[in-house]
Amino acid sequence: MSRNTIFLTCSIVLNLLLFHSWYFHGEWEQSWTKSATAEAEFVASISCSGHGRAFLDGSIVDGKPVCECNACYGGSHCSVFLPECIADADSGDPMFLEPFWLKHAASSTIVVPGWHRMSYEFNDDSLISKELDAQIRKLHAVIGNAVTDGRFIIFGVGATQLLHAAVQALSTTNHPSSPSRVVASTPYYPIYKEQTEFFNSEDYKFEGDTSLCNNNNGCKGNFIELVTSPNNPDGQLKKAVLQGPSAKTIHDFAYYWPHYTPIPALADENLMIFTLSKLTGHGGSRFGWAIIKDEAVHQRMLTYMNLSTYGVARETQLRVLKLLKVAVENEGKEMFNFGYQTMRNRWRKLSKTMSLSKWFSIQELETQFCSFSERVRGATPAYAWLKCEREEDKDCNAVLHSVNITGRHGSLFGAESRFVRLSLVKSDDDFDLLLKRMGTLVSQENNNDGINKIMTHTNEFIGTDKCTG
């Protein structure tokens, strides 16, 4: 027997043994998953003092991943507080749910092999995971916040893409002389105006506040009304204003979850948009979905999605599937209770601080029955809609800048500049700093009031002394 024959025979035998071991014992799978697990757990074990996080795809220094610090913290382990930094309450980055996912690391982790879903399409030639579609329907059934039976569902790269796909699908086509008029009730989410104007289509134009052209004003033409409920920025539950055959509605339900609001009833609208970011906190995964009643609208939106991005990444869909399975465990009680308790505690602390102020006010929070928790409860919105009450404080954001707070300017929402949106959904570090700085602002107000009262009393006393002397 030649040497080559011996080598070939040995190679075949070895491969058969390895295949047998993998097929019956899973040792191949265990070997590469162990390596991936070890790498992930090593990065997760890096201490960032509770004020940051190291990531597998983060910067590498001396062969090791380094900490990425939360805002206002620095140093190699994020242990150094930066006292002069800005308290950023502008972004709606929903990091308040990060502690929940740290606690559920094992159940929410996925391992993605190099050969996972390499094709453009799934086996049925679609771009949508049937398992994820089913899981989304289960989620809404568990929470009781939206009807999905007999509806179409499509996926998008976040709600932002889906919003534009919906406007495109509902707009008047082939009528450049009379484009659809896109409207929203003030205060409205700024992206509605910004996105509509950015794409500068002949088929639709942004017209502004719904109240400027409602049914009673005799406005003519086709309308697309964007309704956000709960509303961004003030957290109010909203309904469509415009009615009739010339009015079409897009319902943005990004915040219609028990974290932020009581769920009074199942939403049953023609076109409803949801987003993963405000549900689980995973804004970076860029995933949203639309629930659509009309097949023709569904087809037009599907065409838009196919031509713009040709679907959502398979890795994203896999991760979302895993996250939603965790979200509905124990009938959704654990995750949604964590989110609600966190937001309720933040609102209690902020409301207590603001109750001491006459210069500033925030929106009143309504209570109503929640079908999910089966009790009456208050709203716990994602944002505080702050108003500067003094006549001279026409630019409220400038007032906040005096104590190193930045919020989102009220004018961006179509409102007065004496309003500012403050985000309450960021990390604990961000919220704690915001609360501290707001406390400083209120203390300054009270100190000034005290000084003014003393000066008034002194002047009155001096005036009385002169009169009687």
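Trainee: Where is Thr210 found?
Mentor: Thr210 is in a loop, the one between β10 (204–209) and β11 (223–228).

Trainee: And what does Thr210 touch?
Mentor: Leaving out residues up to four places away in sequence, Thr210 touches Val183, Ala184, Ser185, Glu225, Val241 and Leu242.

Trainee: Let me step back to the whole chain. How many helices and strands does the protein chain have?
Mentor: There are 13 helices and 21 strands in the protein chain. The chain has 469 residues, and 46% of them count as buried.

Trainee: What share of the contacts comes from residues 24 or more positions apart?
Mentor: Taking contacts with a separation of 6 or more, 70% of them are between residues 24 or more positions apart.

Trainee: You said predicted. What pLDDT does the protein chain average?
Mentor: The average is 89, and 87% of the residues score at least 70. There are stretches to watch, though. Over residues 3–24 the pLDDT stays under 50, and the model has eight contacts beyond four places in sequence for them.

Trainee: What about residues 450–469?
Mentor: There too pLDDT stays under 50, and the model has zero contacts beyond four places in sequence for that stretch. Where pLDDT is low, the predicted coordinates should not be read in detail.

Trainee: OK, new topic: helix α5. Which of its residues are buried?
Mentor: In α5 the buried ones are Leu132, Asp133, Gln135, Ile136, Leu139, His140, Val142 and Ile143. The elements covering them include β8 (152–156), β13 (271–275), α8 (276–280), β14 (288–292), α10 (314–327) and α11 (333–354).

Trainee: What should the 14 residues of α5 span?
Mentor: At 1.5 Å a residue, α5 should span 20 Å, and its end C-alpha atoms are 20 Å apart, so the two agree. After α5 comes Gly144, with a positive phi near 75°.

Trainee: Next helix, then. Where is Val167, and is it buried or exposed?
Mentor: Val167 lies in helix α6, residues 158–170. Val167 is buried, with a relative accessible area of 4%.

Trainee: Which residues does Val167 touch?
Mentor: Not counting residues up to four places away in sequence, Val167 touches Val182, Tyr204, Ile224 and Ile250.

Trainee: Now sheets. What is the order of the open sheet of four strands?
Mentor: The order is β15-β18-β21-β20, with antiparallel pairing. At the edges are β15 (360–361) and β20 (408–409), each of which pairs on one side only.

Trainee: How many bridges join β15 to β18?
Mentor: Two bridges join them, and β18 covers residues 383–388. For Phe360, the bridge partner in β18 is Cys388.

Trainee: And what joins β18 to β21?
Mentor: Five bridges do, with β21 being residues 419–423 and the two strands running antiparallel. Lys387 has Phe419 as its bridge partner in β21. As for cover, five of the six residues of β18 are buried.

Trainee: Last topic: rings! How many aromatic pairs does the structure hold?
Mentor: It holds 21 aromatic pairs. Ring pairs link Phe155, Phe253, Tyr256, Trp257, Phe274, Phe287, Trp289, Phe336 and Phe372 into a cluster. Phe155 is also one of the contacts of Asp133.

Trainee: Which ring does the charged end of Lys333 sit over?
Mentor: That is the ring of Phe372, with the charged end of Lys333 4.6 Å from its centre. Arg390 is worth a look as well: its charged end sits over the ring of Trp359, 3.8 Å from the centre.

Technical notes. Residues numbered from 1 in each chain as written. Predicted model: local features only at pLDDT ≥ 70, side-chain atom pairs only at ≥ 80, totals over all residues. Heavy atoms only, no water. pLDDT = per-residue confidence, 0-100. Contact = heavy atoms within 4.5 Å. Phe/Tyr/Trp six-rings, centres within 6.5 Å; stacked < 30°, edge-to-face > 60°. Lys NZ or Arg CZ within 6 Å of the ring centre and 35° of its normal. Pairing = 2+ DSSP bridges. Buried < 20%, exposed > 50% of the residue type's maximum accessible area, 1.4 Å probe, protein only. Expected span 1.5 Å × (residues − 1).
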